[in-house]
Amino acid sequence: MTVDVLGKFEPAWTTCHLSLSKYALRLTRRDLRIMIGLLTGHAYLNRHLTLMKVRSDPTCPLCQEEEGTALHLLGRCSALSTTRFTLSGLYRMDYTELGNIRWPLLLKLAKASRRFL
Ligand SMILES: [Zn+2]
């Protein structure tokens with residue numbers, strides 16, 4: 001537990017967010033853009049591009065099975081299951097499991113998809 005500037009005890013999650021902030025600030029501009037896109041859904045993925053009327057098909061181009069969202073790419077895309085297993089030990093990850101994965105691993109998986117070149 002840490003003490004903030006007002007002398008109050010901060011909950012553990014605040015310390016965790018500071019750690020994530022420090023991690024994010026050390027990223028390159030390109031990697032930070034990828035992470036922000038994944039976290040907000042405003043990523044260079046077909047679902048978002050379709051909403052922006054840049055593309056007409058929201059389907060994931062890697063597997064053609066579901067809409068290309070960040071959740072799909074990181075947790076469910078069958079085209080990345082081997083890569084996901086190599087990096088995380090899981091072939092698929094649901095929303096809760098993705099929430100427990102460290103940001104560097106999410107970034108590695110996203111970059112391994114080659115969707116952010
Ligand atoms: Zn896919």
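The model is predicted: local features need pLDDT of at least 70, side-chain atom pairs count only at pLDDT 80 or more, and totals for chains, interfaces and linings use all residues. Residues are numbered from 1 along each chain as its sequence is written. The protein has 7 helices and 0 strands.

**Overall make-up**

- Along the sequence, the pattern reads α-α-α-α-α-α-α.
- Helices (H or I, at least four residues) and strands (E, at least two) are DSSP runs, numbered from the N terminus.
- The protein has 117 residues, and 21% of them are buried.
- A residue is buried if 20 or more other C-beta atoms lie within 10 Å of its own, exposed if 12 or fewer, and partly exposed in between, with C-beta atoms placed from the backbone.
- Take the contacts in the protein with a separation of 6 or more: residues 24 or more positions apart account for 33% of them.
- Two residues are in contact if their C-beta atoms, placed from the backbone, lie within 7 Å.

**The largest nonpolar core**

- This core holds 14 residues.
- L38, A70, L73, L74, L106, L109 and A110 touch the most other members.
- At least two core residues come from each of α2 (29-40), α4 (70-76) and α7 (103-112).
- A nonpolar core is a set of buried Ala, Val, Leu, Ile, Met, Phe, Trp, Tyr and Cys residues joined through C-beta atoms within 7 Å.

**A70, in helix α4**

- A70 sits in helix α4.
- A70 counts as buried because 20 other C-beta atoms lie within 10 Å.
- Not counting residues up to four places away in sequence, A70 touches L38, G41, A43 and L45.
- A70 and T40 are 30 residues apart along the chain, and their C-alpha atoms are separated by 8.7 Å.

- Two packed helices are described by the angle between their axes and the distance between the axes.
- Axes are lines fitted to C-alpha atoms, for helices over the stretch in contact, and angles run from 0 to 180 degrees between N-to-C directions.
- The axes of α2 and α7 come within 10 Å and cross at roughly 100 degrees.
- That angle makes α2 roughly perpendicular to α7.
- Angles under 35 degrees count as roughly parallel, over 145 as roughly antiparallel, 65 to 115 as roughly perpendicular and the rest as oblique.
- D31, I34, M35 and L38 of α2 make the contact with W103, L106, L107 and A110 of α7.
- By class, the residues of this contact are 7 nonpolar, no polar and 1 charged.
- Ala, Val, Leu, Ile, Met, Phe, Trp, Tyr, Cys and Pro count as nonpolar, Asp, Glu, Lys and Arg as charged, and the others, Gly among them, as polar.

**How α5 meets α7**

- Helix α5 (residues 81-88) packs against α7 at an angle of about 155 degrees, with the axes 10 Å apart.
- That angle makes α5 roughly antiparallel to α7.
- In this pair, T83, R84, L87 and S88 of α5 meet L105, K108, L109 and A112 of α7.
- The contact of α5 with α7 has 4 nonpolar, 2 polar and 2 charged residues.

**Y91, in a loop**

- Y91 lies in the loop between α5 and α6 (95-99).
- Y91 counts as partly exposed because it has 13 C-beta neighbours inside 10 Å.
- Y91 touches S81, R84 and F85, not counting residues up to four places away in sequence.
- The C-alpha atoms of Y91 and R76 are separated by 8.1 Å, and the two residues are 15 apart along the chain.
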